[in-house]
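Please have the sequence and the model open side by side. The paragraphs below go through the fold element by element.

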Amino acid sequence: MVNEKNCPVCGASSFRTVREAPYFRGKKETFTIQECQQCKLWITNPRPDDDELGQYYESEDYVSHTDKRETLIDRIYHLVRNVAVKGKVKLINKYQPEKGSLLDYGAGTGFFLKAAKDNGWEVQGIEPSAEARKNAAKNHKLELIDPEKYDWTAQQKIDTITLWHVLEHLPNLKEHLRNFHSVLKVGGNLIIAVPNHESHDAIKYADNWAALDVPLHLYHFKKRNINDLANEFGFTVREIRNMPFDAFYVSMLSERIAKGKANYLQAIWTGMVSNLKAISSKNASSLIYILEKQ
Ligand SMILES: [Zn+2]
C-alpha cells in the first residue's frame, strides 16, 4: 500500500478522514478517503501500490473496457453512452469548430474517438488496458497506443486533449498535467470530465456513492481543486459544465452498493433531483472542465 504523507496537489501534510468507501467490483474491501486540510482535495489514502492497482480493474464489472451488455445496468450504460458521445463531439466542436488534432487519453474501447474521427477530427488515443485496445481495434479499427510507448516529446502540437473520467485514475497526476500542457498548442483545449463529490447524489449516498470507485479513483476532485491545478499548470478555465446522465447511472450503482439490489425508481428519482439542483448549483454528479492552454 502507498500511504501519502503529502497532498499530491498542494504538498500539505494534514488530512482528515471523510469517507470509508467499499470496493464494489470484487472482493469486499474498504478504503479510506482523506481530505487535505489545506487545498481540500480528497484522496484515496492509503491506496494499493501502482502494480497492484491493475487487479482492481480486472473485475468483470469494469464495463468500460469490455463493451459487454449483460445486466440491465450495463445495457443502460451503453444506451446512455450513445447519446453522451454525440454530446461530447458537439462539445469539442464548439471550442474548435475548424476541428484538427485530437488526443483522447484513456480512450477505453475507442467509442468516443471513433465518433470524433467520423466527424472529421484527426485522432489518436492512449489506453493502458490491452483488452480495451484489442476491442478498439476489433470494433472500431482504431490503433490505440499504450501509454508506456507514447513519446511526449516527439509529438506534433495537438489542438484538443480529452480525458473522460480518466484524470482521477492517474498516478503521477502532475507529470500527466505537465505532459498535456507541453503537447497542446497555445489556445488549445484540455477537456476533463470527473465525478463531483459536491453533487446531491454524492452527498446522499456518502460512503456508498459509486463514483468514489475506490481504489480505482485515486483523487476525488471538486471545482476548487481543478481550478488550483489549472492555475498551477498554465491553463485558464473557459467553462464548467454539468454532465446530465451520470447522476442516473451512478445512483443505480449506488443503490446496489447501499442495499444489495438495484432500485431503479429510487435511482431515477435521485438522479432527477441531482440534475435539477445542479442547474443552479453547477454541482452535477460529474462535471466537465474546459481548460485553455495559455
Ligand atoms: Zn492539498
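What follows covers the sheets, then the helix packing, then some local backbone features.

This is a predicted model, in which local features need pLDDT of at least 70 and side-chain atom pairs count only at pLDDT 80 or more, while totals for chains, interfaces and linings use all residues. Residues are numbered from 1 along each chain as its sequence is written. Helices (H or I, at least four residues) and strands (E, at least two) are DSSP runs, numbered from the N terminus. Two strands pair if DSSP finds at least two bridges between them.

Strands of a sheet pair through backbone hydrogen bonds, either parallel or antiparallel. Strand β4 (residues 101-105) pairs with β5 in the parallel sense over five bridges, and L103 stands opposite Q124 in β5.

β1 and strand β2 (residues 30-36) are joined in the antiparallel sense over seven bridges, with R19 opposite I33 in β2.

How do the helices pack? The axes of helix α2 (residues 72-95) and α3 come within 9 Å and cross at roughly 50 degrees. α2 and α3 are therefore oblique to each other, since angles under 35 degrees count as roughly parallel, over 145 as roughly antiparallel, 65 to 115 as roughly perpendicular and the rest as oblique. The contact is made by R81, V85, K88, V89 and I92 of α2 and F111, F112, A115 and A116 of α3. By class, this contact of α2 with α3 has seven nonpolar, no polar and two charged residues; Ala, Val, Leu, Ile, Met, Phe, Trp, Tyr, Cys and Pro count as nonpolar, Asp, Glu, Lys and Arg as charged, and the others, Gly among them, as polar.

α2 also packs with helix α8 (residues 246-259), at an angle of about 170 degrees and with the axes 11 Å apart. That makes α2 roughly antiparallel to α8. I73, I76, Y77 and V80 of α2 meet Y249, M252 and L253 of α8, a contact with seven nonpolar, no polar and no charged residues.

Most residues other than glycine have a negative phi, and most peptide bonds are trans. A cis peptide bond joins N45 and P46, with omega about 0 degrees; P46 lies in the loop between β3 (42-44) and α1 (50-57). The bond from V214 to P215 is also cis, with omega near -5 degrees. K99, which is not a glycine, has a positive phi of about 60 degrees and sits in the loop between α2 and β4. K99 is partly exposed because it has 15 other C-beta atoms within 10 Å; a residue is buried at 20 or more, exposed at 12 or fewer, and partly exposed in between, with C-beta atoms placed from the backbone.

Definitions and conventions:
Axes are lines fitted to C-alpha atoms, for helices over the stretch in contact, and angles run from 0 to 180 degrees between N-to-C directions. Two residues are in contact if their C-beta atoms, placed from the backbone, lie within 7 Å.
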